[in-house]
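Q: Could we go through this model together? I would like to start with the strands.

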Amino acid sequence: MFSKLDTIHMRVKDLKKSIQWYIEVLEFEQIFHSGNYVVFQIGQGDTTLTIQEGEVRRSSVKPILFSDALEETRLKLVEKEVKVGEIQEDGEVTFFEFWDLDGNGFEACQYITF
């Protein structure tokens with residue numbers, strides 16, 4: 001029925017400010033700007049992130065981003081004054097949570113190799 005997950009859509013309070021934050025802090029690549037919303041490419045993945053100005057609401061949906069260097073990624077976000085949680089372990093995965101300017105939640109993960 002479906003061939004892929006196309007995009008994850010999030011609302012932000014201030015589109016211009018958020019665009020700058022996602023590019024400078026998370027190093028996402030802006031690939032489309034309609035004037036009302038912006039689409040970002042994240043690394044080499046196929047699924048994009050779309051942000052649009054509007055009412056920010058709490059959601060149980062949380063994008064999970066993969067990192068080959070989880071501890072370094074977390075430290076880099078801390079240096080950029082991003083609100084981040086502690087690194088946790090769940091079986092064969094380590095992860096931490098972090099939040100954007102509007103409190104939209106993300107997770108960063110890395111597989112544990114033995």
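**Strand pairing and local backbone**

A: Strands β3 (residues 37–41) and β4 (residues 48–53) run antiparallel and are joined by 4 bridges. Strands are DSSP runs of E with at least two residues, helices are runs of H or I with at least four residues, and both are numbered from the N terminus. Two strands pair if DSSP finds at least two bridges between them.

A: This is a predicted model, in which local features need pLDDT of at least 70 and side-chain atom pairs count only at pLDDT 80 or more, while totals for chains, interfaces and linings use all residues. Residues are numbered from 1 along each chain as its sequence is written, and side-chain values use heavy atoms, with hydrogens and water left out.

Q: Which residue in β4 is the bridge partner of Y37?

A: The partner of Y37 is Q52.

Q: In what order do the 4 strands of the open sheet come?

A: The order is β1-β4-β3-β2, with mixed pairing. β1 (7–12) and β2 (29–33) each have a single partner strand, so one side of each has no neighbour in the sheet.

Q: Changing topic, is E81 buried or exposed?

A: E81 is exposed, at 74% relative accessibility; exposed means over 50% relative accessible area, buried under 20%, and partly exposed in between (1.4 Å probe, protein chains only). E81 is in the loop between α2 (70–79) and β6 (83–84).

Q: What is the phi of E81?

A: The phi of E81 is positive, near 60°, and the residue is not a glycine. Most residues other than glycine have a negative phi.
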